[in-house]
Amino acid sequence: MAKFVKDLKEFYSFCEKNEVEFVDFRFTSFDGAWNHLTYTLHSVTNELLENGIPFDASSYKGWQPIEKSDMILKPDITTAFLDPFTSDNTIIVICDIYDVYKNDFYEKCPRTIAKKAQEFLKQSGIADEIFIGAENEFFVFDDVKIIDSMHYAMYQIDSEEGEWNDAKNYDDSYNSAHRPRRKGGYTAIMPVDSMQDLRAEMVQVLQRVGLECFVHHHEGAQGQGEIGVKFDNLVQAADNVQIYKYVVKMVAHLNGKTATFMPKPLHLDNGSGMHVHMSLFKDGVNLFYDEKGYSKLSQTAIHFIGGVLRHAKSVAAFSNATTNSYKRLIPGFEAPSILTYSCQNRSASCRVPYGIGKNSARVEMRFPDSSSNVYLCFASLLLAGIDGVKNKLLAAGPMDENLFKLSLDEIREKGIEQMPHTLRSALENMLKDNAYLRPIFSEVCIQDYQRMKFKNQVWPIEQRPTAYEFKTTYSC
């Protein structure tokens, strides 16, 4: 992310130059959502920026009890950028959270955890920098209806690209019949791609707020797109994902549409992932490159992969953090659920991109999705990779065949592990396998995270009947 402000002096100068009226303090809650408090500029003093902004942390899932609710937002002034959507000139500043009871940064602040993971890498002596490039896929729909009550539940999605509209009569237009079809949209051109101009507008806004974009295209599913954003260090890459999601949703909203990063909104079509490209550097040298290694990967990279895939069933609690995540990770929809690695092979959970060199050598973890708390996702992936490097762990593979064609019996015969099939399973694996997290994730953090997920995701979904259950069980 481009930096518009380096210090307090530049902050006030930037505000004056851009006639800023409001300062919007953003922070990420435990569940990964972006939240904000907006102050008038004249009330934002040096003292406020240095001492922090008080807020009620008991109002957020998994955080403080009511009797110990006070926490402090600590602004990171170097993250400041102009909000491109507000009517009044507003500057956004991303914050960390400070614990007034322990006089330290909050152990359940996602951005603080990401910062500590980045620092832990440096202290380990393995590397002094990690670079992450996230590929966040998303859907854009024209209309979404939801009902969730005791006796009646439904959702209805509509998109002009949806094949269910083939016979629709439009009051103010006509039916063009140009549609991507199921799994048929990847890099489609107009008029099949109905979102070219919308994505271009998203790119323009992203670049205006400091994110460097290099590509955008239609993805495989109906109504699905992707924008490529340049890599950055772990914390800034996570900041960029939060900004990216905000911009995509708002541009769609202002164009009379609705965007979602939900992993699997459409039954029988591909879901949306967040492919995570990772590489380690030390003294300016890419530790993942070796001219003679498998696909030009070093042993450090192979062991990093080994650590991530060894702990993937636990990492999934953070990287695939909703019950909907596991509706994506099923065979037949290009979702990598088999825990092996391969060169160029998108059916593996970890892919080695084609044509890597000294500076571009990296590994691509393909199982995460954007429903995750991105700071916790990146931190857990890094900690699992560090464990792999330290203990020289090896994953199954490499496997260069089409893994999507393997039957479950063949997968078992080859001794390949798979991703968990439910969020419950991922959380239970995380509770059993979390030693690799302990340098950064406290016991309180781990326990409160799993409680939050069981309370707000697992149990509510498990207790609700579905339409398909009525279809298959009602006449039992």
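# Briefing: exposure, salt bridges and backbone details

K392 counts as exposed, at 58% relative accessibility (exposed is over 50% relative accessible area, buried is under 20%, and partly exposed is in between, using a 1.4 Å probe and protein chains only). This is a predicted model, where local features need pLDDT of at least 70 and side-chain atom pairs count only at pLDDT 80 or more, while totals for chains, interfaces and linings use all residues. Residues are numbered from 1 along each chain as its sequence is written, and side-chain values use heavy atoms, with hydrogens and water left out.

**The loop between helix 9 and helix 10**

- K392 is found in the loop between helix 9 and helix 10. Helices (H or I, at least four residues) and strands (E, at least two) are DSSP runs, numbered from the N terminus.
- K392 is not a glycine, yet its phi is positive, at about 50 degrees.
- A395 is also found in the loop between helix 9 (374–391) and helix 10 (408–413).
- A395 counts as buried because its relative accessibility is 17%.
- How far apart in space are A395 and S13? Their C-alpha atoms are 52 Å apart, and the two residues are 382 residues apart in sequence.

**The loop between strand 10 and helix 4**

- T187 lies in the loop between strand 10 and helix 4.
- T187 has a positive phi of about 60 degrees, although T187 is not a glycine.
- T187 counts as partly exposed, at 44% relative accessibility.
- P191 has its place in the loop between strand 10 (153–158) and helix 4 (196–208).
- The peptide bond that joins M190 and P191 is cis, with omega at about 5 degrees.

**Salt bridges**

- Side chains of opposite charge can pair when their charged atoms come close.
- How many salt bridges does a search of the whole structure find? The search finds 26. Each is a side-chain nitrogen of Lys or Arg within 4 Å of a carboxyl oxygen of Asp or Glu.
- One of them joins R26 and D83, with the closest N and O atoms 3.3 Å apart. R26 lies in strand 1 (residues 22–28) and D83 in the loop between strand 5 (81–82) and strand 6 (90–99), so this pair ties together parts that are 57 residues apart in sequence.
- R26 is buried, with a relative accessible area of 6%. D83 is buried too, with a relative accessible area of 9%.
- Another salt bridge brings together the side chains of K108 and D448, at 2.6 Å from N to O. This pair links distant parts of the chain, 340 residues apart: K108 is in the loop between strand 7 (104–105) and helix 3 (110–124), and D448 is in helix 12.
- Are K108 and D448 buried or exposed? Both are buried.
- The side chains of D143 and K145 also meet in a salt bridge, at 2.6 Å from N to O.
- D143 counts as partly exposed, at 34% relative accessibility. K145 is partly exposed, with a relative accessible area of 44%.

**A nonpolar surface patch**

- V144, I146 and Y155 make a nonpolar surface patch of about 340 Å². Patches are made of residues with over 30% relative accessible area and no salt bridge: like charges are joined within 9 Å, nonpolar side chains (Val, Leu, Ile, Met, Phe, Trp, Tyr) within 5 Å.
- Accessible areas come from the Shrake-Rupley method with a 1.4 Å probe, and for residues only the protein chains shown count as cover.
- V144 has its place in strand 9 (residues 143–148).
- V144 counts as partly exposed, at 39% relative accessibility.

**Helix packing**

- Helix 11 (residues 423–432) and helix 12 (residues 443–462) pack at an angle of about 160 degrees, with their axes 10 Å apart. That makes helix 11 roughly antiparallel to helix 12.
- Axes are lines fitted to C-alpha atoms, for helices over the stretch in contact, and angles run from 0 to 180 degrees between N-to-C directions. Angles under 35 degrees count as roughly parallel, over 145 as roughly antiparallel, 65 to 115 as roughly perpendicular and the rest as oblique.
- Helix 11 passes helix 12 in a left-handed crossing (the near helix is turned anticlockwise from the far one by less than a right angle; clockwise is right-handed).

**Strand 4**

- D70 lies in strand 4 (residues 70–75).
- D70 is partly exposed, with a relative accessible area of 47%.
- D70 and S58 are 12 residues apart along the chain, and their C-alpha atoms are separated by 7.8 Å.
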